[in-house]
Amino acid sequence: IQVSGPTDARAAFEALQEKHCSIMLSTQYAAIGTSRHGNAWTVVLAQPTPNPQLTLPPWPDAGQQILAATNALRAQPQDCGGVSLGPAPPLVWSDRLAEAALHHSEDMAERRYFSHTGKNGSLPGDRAHDAGYSWHRIGENISLGQVSAEDAVAGWLSSPGHCANLMNPGFTEMGAAYAIRGGRRPAAYWTQDFGTR
């Protein structure tokens with residue numbers, strides 16, 4: 001939020017209160033920072049990203065939440081980057097695809113990279129095969145930083161390529177998992193694997 005003109009902090013606060021009271025009183029912010037350059041005043045309001053280690057359920061539960069959210073989307077037509085896709089049949093949970101998803105999420109979190117290609121050169125089909133999934137068709141969505149399964153699915157829905165995977169009627173099974181990168185700024189790495197045997 002910015003205001004120009006006030007010559008002291010009290011006048012700046014009154015101007016901010018008059019023009020931006022509802023924003024400044026919003027409970028969605030937990031931190032504030034201010035700066036002044038001459039008679040220009042800037043206030044930054046923020047909400048820190050929640051720590052996924054404290055907010056996420058165990059990965060199998062989050063995987064089931066992703067399955068439910070994905071099937072809810074597949075029940076309705078979706079617009080994937082300007083391409084209209086019709087409803088698709090619901091997916092069935094696959095423990096083997098979930099295992100492949102978990103291993104990829106763990107690898108990305110431990111080695112701090114973000115890619116469909118593993119550090120060992122593996123691709124989604126390789127990881128599914130290694131988990132014991134004999135596939136005819138395979139696909140993968142990944143994301144980084146979301147603090148809930150719903151946020152991960154919403155992010156995929158807003159990306160045309162990921163949305164096409166979500167809505168692909170050629171996929172019949174799915175597994176999903178996350179792993180958390182530790183340290184001062186923990187972050188969740190999400191993987192959703194799709195397949196057809």
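Tutor: Two strands count as paired if DSSP finds at least two bridges between them. In this predicted model, β6 and β8 are joined by two bridges.

Student: Which way do β6 and β8 run, parallel or antiparallel?

Tutor: Parallel. Val92 stands opposite Glu173 in β8.

Student: What's the strand order in the whole sheet?

Tutor: β6-β8-β9-β7, an open sheet of four strands with mixed pairing. β6 (92–93) and β7 (137–144) are the edge strands with a single partner each, so one side of each has no neighbour in the sheet.

Student: How many bridges hold β7 to β9?

Tutor: Eight, with the two strands antiparallel. Gly139 has Phe194 in β9 as its bridge partner.

Student: And what packs on the sheet?

Tutor: Helix α4 (residues 95–111) does, touching β6, β7, β8 and β9, with its direction at about 25° to that of β8. Helix α7 (residues 160–167) lies across β7 and β9, at about 130° to β7.

Student: Back to β8: is the strand largely enclosed or open?

Tutor: Largely enclosed by the rest of the structure, because eight of its nine residues are buried.

Student: How many residues sit between β8 and β9 in the hairpin?

Tutor: Five, and Gly183 in that turn has a positive phi of about 105°. The two strands pair antiparallel over nine bridges, and Arg181 stands opposite Ala187 in β9.

Student: Different topic. Where is Ala72?

Tutor: Ala72 is in helix α3 (residues 59–74). Its relative accessibility is 49%, so Ala72 counts as partly exposed; exposed would need over 50%.

Student: How far is Ala72 from Trp190 in space?

Tutor: 19 Å, C-alpha to C-alpha, with the two 118 residues apart in sequence.

Note on methods: Residues numbered from 1 in each chain as written. Predicted model: local features only at pLDDT ≥ 70, side-chain atom pairs only at ≥ 80, totals over all residues. Heavy atoms only, no water. Buried < 20%, exposed > 50% of the residue type's maximum accessible area, 1.4 Å probe, protein only. Contact = heavy atoms within 4.5 Å. Axes fitted to C-alpha atoms, helices over the stretch in contact; angles between N-to-C directions.
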